[in-house]
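Subject: Structure handover

Hello,

Here is the structure that you are taking over, with the sequence alongside. Notes on what was found in it follow below.

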Amino acid sequence: MAKRKAVVNLQDCVACGCCMKICPRNAISIPKGICAEIDSELCVGCGKCAKECPASIITLEVME
């Protein structure tokens, strides 16, 4: 089974922090307050951040 990971659309992210607060693995950070970054080593693809994002710019993608 392929693993899914969260991916942020960097152009549309407003760095609101909703995804960072909901992530159970602390895989999301907002360096310099610019946009969310996801640590792919920590991300387990649960999808909580994608559901929480008010702008709907986080998606889950299949990683090879």
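Contact here means heavy atoms within 4.5 Å. This is a predicted model, in which local features need pLDDT of at least 70 and side-chain atom pairs count only at pLDDT 80 or more, while totals for chains, interfaces and linings use all residues. Residues are numbered from 1 along each chain as its sequence is written, and side-chain values use heavy atoms, with hydrogens and water left out.

The core

Leaving aside neighbours within four places in sequence, A36 is in contact with V8, L10, C13, C19, I28, S29 and I30. A36 also belongs to the largest nonpolar core, which has 15 residues; A36 and I58 touch the most other members. A nonpolar core is a set of buried Ala, Val, Leu, Ile, Met, Phe, Trp, Tyr and Cys residues joined through side-chain atoms within 4.5 Å. Buried means under 20% relative accessible area, exposed means over 50%, and partly exposed lies in between (1.4 Å probe, protein chains only). In soluble globular proteins, nonpolar side chains tend to be buried together.

V8 is one of the contacts of A36 and sits in strand β1. Strands (E, at least two residues) and helices (H or I, at least four) are DSSP runs, numbered from the N terminus. V8 counts as buried, at 13% relative accessibility. Not counting residues up to four places away in sequence, V8 touches C13, A36, I38, I57 and I58. V8 and A50 are 42 residues apart along the chain, and their C-alpha atoms are separated by 8.9 Å.

K5

K5 is also placed in strand β1, which covers residues 3–8. A polar atom of the K5 side chain does lie 2.9 Å from the backbone oxygen of S40. Beyond four places in sequence, K5 is in contact with S40, C43, G45, T59, L60, E61 and M63.

Cysteines

How many disulfides are there? The count is zero, a disulfide being a pair of cysteine sulfur atoms within 2.5 Å. The closest cysteine sulfur to that of C13 is in C35, at 5.2 Å, so the two are too far apart for a bond. For C43 the closest is in C49, at 6.2 Å, again too far for a bond. C13 is buried, with a relative accessible area of 15%, and C43 is buried at 9%.

Loops

N26 lies in the loop between α1 (18–22) and β2 (28–29). N26 is not a glycine, yet its phi is positive, near 55°; N26 counts as exposed, at 60% relative accessibility. K32, in the loop between β2 and β3 (37–38), has a positive phi of about 60° although it is not a glycine. K32 is exposed, with a relative accessible area of 79%. G33 is found in the loop between β2 and β3 as well and is exposed, at 52%. From G33 to I58 the separation is 25 residues in sequence and 17 Å in space, C-alpha to C-alpha.

Regards

Key
A polar contact is a pair of N or O atoms within 3.5 Å; within protein, one must be able to donate a hydrogen and the other to accept it, and residues adjacent in sequence count only if both atoms are side-chain atoms.
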